[in-house]
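Hello,

Here is the structure I promised to pass on. Please open it alongside this message; my notes follow below.

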Amino acid sequence: MTGKANLLSGMQPSASSLHLGNYLGALVNWVNMQRDFNAFYVIVDLHAITVPQDPNELRTNTRRTAAQYIAAGINPQDSALFVQSHVPAHAELAWVLNCITGFGEASRMTQFKDKSQKAGSDSASVGLFTYPILQAADILLYQPKAVPVGEDQRQHLELTRDLAERFNTRYGQTFTIPEAHILKETAKIYDLQNPTAKMSKSAGDPKGLVNLMDDDSTIMKKIKSAVTDTDSSIRVDWETKPGVTNLLSIHSSISGESLASLEDRFQGAGYGVLKGEVADVVISALGPIRDRANDLMSDPAELDRLLASGAEKAREVAETTLALVYDRVGFIRAK
């Protein structure tokens with residue numbers, strides 16, 4: 001790896017496909033950032049099992065997620081692309097951080113509250129409760145100066161910073177205190193059927209979710225059935241026209257055409273014209289990614305080789321950090 005500042009980010013392999021929100025909100029930026037940072041991009045399979053997973057599906061989805069990372073432009077030669085469970089230091093550092101985290105502190109994490117309320121507290125795992133602490137370990141192992149996060153992850157990054165500072169105060173300077181890299185121009189992509197909710201794989205209606213691995217006809221059908229409104233004008237107005245504005249935002253994020261230009265161009269056009277052009281733009285962007293990902297999936301041995309190479313790069317950095325942590329807390333070094 002180079003002498004650039006380190007950066008880490010990742011996603012869970014909890015579905016068979018990433019979606020348009022993942023692509024425009026994260027992957028596009030990751031591809032750009034790998035030029036400027038010493039980038040570590042991880043598929044967080046340890047996080048995935050905080051809720052029940054079918055083992056065979058998890059293995060398949062992990063490879064499919066890796067294939068989509070690469071197909072979207074993550075270069076395994078420029079970045080360390082790896083699977084979280086291939087680097088044991090993630091789980092090992094998480095235990096140390098668990099032991100300096102207050103129970104009340106962990107209880108205040110809003111994502112746990114939301115997820116446990118949906119499933120019921122009795123069915124929520126301890127792993128789900130300590131998820132943000134494992135996430136802190138993921139980050140701190142690589143001593144990054146910047147962590148690209150969405151607003152919904154800002155609280156978890158604040159916990160990471162608190163734990164790093166606490167460890168440093170108690171045991172001596174060990175961790176770099178990471179800064180949030182909130183991407184101001186990150187596209188916010190909303191559900192096609194519920195345009196007031198962010199596009200998510202946990203969406204109630206699968207028709208609202210455009211997947212990277214969808215075929216062209218499926219993408220066309222989903223976008224043409226997107227919710228709009230009874231007012232036929234095409235303009236940007238998140239409050240009164242969220243469905244139309246979401247479609248314009250998707251177009252702009254992919255095509256690069258400004259929202260103002262799109263408003264002017266679609267003046268007097270019907271929703272059918274808008275949806276048809278948005279579908280064409282999305283298909284032209286996602287089709288090559290889907291096809292490349294399928295090609296990569298056809299050779300799982302080569303995909304596994306690329307992931308093993310990425311894990312080797314990651315272990316080199318992660319194990320150096322872990323050894324320092326173990327020494328600081330007073331563990332006897334293994335001979």
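Leu-259 belongs to helix α12, which spans residues 259–265. Keep in mind that this is a predicted model. Leu-259 is partly exposed: its relative accessible area is 31%, and partly exposed covers the range between buried, under 20%, and exposed, over 50%.

Next, helix α10. This helix runs over residues 216–224. Which of its residues are buried? Ile-219, Lys-222 and Ile-223 are. They sit on the same side of α10, because the arc they cover around the axis is only 95°. Note that a lysine is in that buried set, Lys-222. Ser-217 and Lys-221 are on the other side of α10, and both are exposed.

What do the buried residues of α10 pack against? Two helices: α11 (242–255) and α13 (271–297).

Last, a loop position. Asp-36 lies between α1 (20–33) and β2 (38–43), in the loop that links them. Is Asp-36 buried or exposed? Its relative accessible area is 56%. The cut-off for exposed is over 50%, so Asp-36 counts as exposed. Arg-63 is 27 residues away from Asp-36 along the chain. The C-alpha atoms of Asp-36 and Arg-63 are separated by 26 Å.

That is what I have for now.

Best regards

How values were computed
Residues numbered from 1 in each chain as written. Predicted model: local features only at pLDDT ≥ 70, side-chain atom pairs only at ≥ 80, totals over all residues. Heavy atoms only, no water. Buried < 20%, exposed > 50% of the residue type's maximum accessible area, 1.4 Å probe, protein only. Helix = DSSP H or I, 4+ residues; strand = E, 2+ residues; numbered from the N terminus. Arc of directions from axis to C-beta. Contact = heavy atoms within 4.5 Å.
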